[in-house]
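Reader: I have a new structure to look at. Can you take me through it?
Author: Go ahead and show it.

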Amino acid sequence: MAMVGYRVHSSPAALVWAGGILLLALLSLGLVDHQSARQSRARLAAVPTRPLVVVDLRANREARERDVHAELDAWREAGASLGLPVEVFDGESLRELDPSRYSVWILPGQERLSEDDWAALDAYLAGSGGLIATGFTGRLSEVGGRLDQAVLAKLFPGERFAQSGAGRTRLQVVGRSPLVAGLAPGEELTLAKRARALASASAGALELGGTRSGSVALVGRHRNARIAWLGFSLGAVSDAPKAHRIATNALLFASRAPLLELRPWPDGRPC
């Protein structure tokens, strides 16, 4: 398979620092609005030279009842918007992936993973590759048997996870996190009516219905690699721009790209 790359334009470090200082100065004077700041962040962010890969293993495709094309498309669109090459892997096992080829593995709704899949993922993360996962990652074996410890629990030791009840379709931003950068506190995301979310027991920046009943978005590290997790499908989010924002934030975090969060001034005025 041919390597797909793209160019990164370099500039002297002093010019980058000077540009950042100038941007912050203009922000303090109210001469650059929040939207321009977000666009500048996207242009200045250093991006990896390796492609991303969206994983959809055969065992999961055959087991699930719902269509996940909307979620796969959401990740492809997020990568493309950042200028990152995106590939899709639909093979049998994570062992088939070349760990040196990809900067980030994206595992959307991959509930069935074998012990060999976990070994391949663990080795990849030991090499400092990034990971994004959604849903109850690896809660079942490749043939559907329940595991003693889900892959998700291995990635976030000590966390407990539970499925939301029927009708819990609202998510609300209640704090700060790299995954909700650009979304204001109190902002809501609505999921499709039949969609459910998986929440961790600990509090976080994005929670179910604003009830502080558990986080549906976590960031962490495993073997020094950055990992981001969402307890819901991006394809189930009714507001496409907000889903896109979270997806791009997750990609920037997992790929170790700088992420500068610039909040809008109260009432649109500098303080």
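Reader: Is Asp116 buried, partly exposed or exposed?
Author: Asp116 is partly exposed, with a relative accessible area of 37%. Buried means under 20% relative accessible area, exposed over 50%, and partly exposed in between (1.4 Å probe, protein chains only). This is a predicted model: local features need pLDDT of at least 70, side-chain atom pairs count only at pLDDT 80 or more, and totals for chains, interfaces and linings use all residues. Residues are numbered from 1 along each chain as its sequence is written, and side-chain values use heavy atoms, leaving out hydrogens and water.

Reader: Which residue forms a salt bridge with Asp116?
Author: Arg95, with the closest N and O atoms 3.2 Å apart. A salt bridge is a side-chain nitrogen of Lys or Arg within 4 Å of a carboxyl oxygen of Asp or Glu. Arg95 is exposed, at 56% relative accessible area.

Reader: How many salt bridges does the whole structure have?
Author: A search finds nine. Glu187, Asp239 and Lys242 are linked in a network of them.

Reader: Switching topic, which residues touch the most other members in the largest nonpolar core?
Author: Trp75, Ile132, Leu206, Phe232 and Leu234, out of 39 residues. A nonpolar core is a set of buried Ala, Val, Leu, Ile, Met, Phe, Trp, Tyr and Cys residues joined through side-chain atoms within 4.5 Å.
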